[in-house]
Amino acid sequence: MSRLVIVTGASRGIGAAIAEFFVAAGDHVVALSRSGVAPAGCAKSLTVDVTDSHAVNDAVKAAIAEFGPVDVAVVNAGVTRDGLAMRMSDEQWREVLATNLDGAFFTARASLASMVRARSGSIIFISSVSPFMGVPGQANYAAAKAGLVGLARALAKEVATRGVTVNVVAPGLIDTDMTTDLGAAKDTMEAMIPMGRIGQPSDVAGVVGFLAGNQARYITGAVLCVDGGLAMGQ
Ligand code: NAP
């Protein structure tokens, strides 16, 4: 049976690969992003800024009205605005926290009630290895992505007896728009990856698909790194 899968930040990169994964599985994918662009085959594409809690609530309600309870919510929308902490502006800090953490909370909260009522569901937050490694220039991003782990684990315990799982996927360096601007730093980081290659969005999508599936039904509160070994340390 087709599931309702909500994917934020589905217009490109990792989110688009995740949306494509669920489309290929025959699910109803509702794609959310600021541009409203979505991969072919998505059941619905909505223009939503995840920092706006009302817009997120309305989008999730519209999805539920059309397709029934949310089975899977993949909380993926994210941005970076790197800079050394001493020179980081309030605006740089707030934009990254608002998108990566506030937006994640709004999306999870909007999806949870229908999952709890249905006594079934899976929430997957896309974090990063950045908070585990300590990446200079990413104080805002690392704080937001570390926050997702605490958020996921609190939620996981709140809904554990209701058939709802909450997990975190922490990608390493993945080949998307977000990493194209890294320039020479990208080669330096690639050299640190034990598996010797940058990851592809599909590497992350497969793991998200697994966590959303029946084979992962006994996994909750977990953090899965998808990073070719990058966060293991030297
Ligand atoms: P990307 O190619 O830059 O895509 C970011 C996505 O987020 C786009 O679909 C964008 O859509 C959406 N988005 C950004 N701000 C939004 C907002 N306020 N409201 C709604 N949608 C918004 O990035 P990516 O590499 O695929 O990253 C996806 C996730 O993986 C992010 O959470 C990122 O932090 C995480 N991650 C990425 C890497 C990596 O190496 N690439 C590593 C670790 C973790 P619109 O522009 O259309 O709104």
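Predicted model: local features only at pLDDT ≥ 70, side-chain atom pairs only at ≥ 80, totals over all residues.
Me: OK. At what angle do α3 and α5 cross?
Reply: The axes of helix α3, residues 90-118, and helix α5, residues 139-159, cross at roughly 15°. They come within 8 Å. The two helices are therefore roughly parallel to each other.

Me: Left-handed or right-handed crossing?
Reply: The crossing of α3 and α5 is right-handed.

Me: Which residues of α3 and α5 meet?
Reply: On α3, they are Gln92, Trp93, Val96, Leu97, Asn100, Leu101, Ala104, Phe105, Ala108, Leu112 and Val116. On α5, they are Ala139, Asn140, Tyr141, Ala143, Ala144, Lys145, Gly147, Leu148, Leu151, Leu155 and Val159.

Me: And by class, what is in that contact of α3 with α5?
Reply: It has 17 nonpolar residues, four polar ones and one charged.

Me: How far apart are the axes of α2 and α3?
Reply: They are 9 Å apart, and helix α2, residues 53-67, packs against α3 at an angle of about 35°. The crossing of α2 and α3 is right-handed.

Me: Which residues meet there, between α2 and α3?
Reply: Ser53, Val56, Asn57, Val60 and Ile64 of α2 meet Phe106, Thr107, Arg109, Ala110, Ser111 and Ser114 of α3. The residues in this contact of α2 with α3 comprise five nonpolar, five polar and one charged.

Me: Switching to α1 and α8. At what angle do they pack?
Reply: Helix α1, residues 13-24, and helix α8, residues 201-211, pack at an angle of about 50°, with their axes 8 Å apart. That makes α1 oblique to α8. The crossing of α1 and α8 is right-handed.

Me: Which residues make the contact of α1 and α8?
Reply: Gly13, Ile14, Ala17, Ile18, Phe21 and Phe22 come from α1, and Pro201, Ser202, Val204, Ala205, Gly206, Val208 and Gly209 from α8. In this contact of α1 with α8, nine residues are nonpolar, four are polar and no residue is charged.

Me: Now the ligand. How many residues surround it?
Reply: 30 residues do, and the closest are Ser11, Ser35, Asn76, Tyr141 and Thr176. Tyr141 is also one of the α5 residues that meet α3.

Me: What does Ile14 place 2.8 Å from an oxygen atom of the ligand?
Reply: A backbone N or O atom. Ile14 is also among the α1 residues in the contact with α8.

Definitions and conventions. Residues numbered from 1 in each chain as written. Heavy atoms only, no water. Axes fitted to C-alpha atoms, helices over the stretch in contact; angles between N-to-C directions. Helix = DSSP H or I, 4+ residues; strand = E, 2+ residues; numbered from the N terminus. Parallel < 35°, antiparallel > 145°, perpendicular 65-115°, else oblique. Left-handed = near helix turned anticlockwise from the far one by under 90°. Contact = heavy atoms within 4.5 Å. Nonpolar A, V, L, I, M, F, W, Y, C, P; charged D, E, K, R; others polar. Near = heavy atom within 4 Å. Polar contact = N/O pair within 3.5 Å; in protein donor to acceptor, adjacent residues only side chain to side chain.
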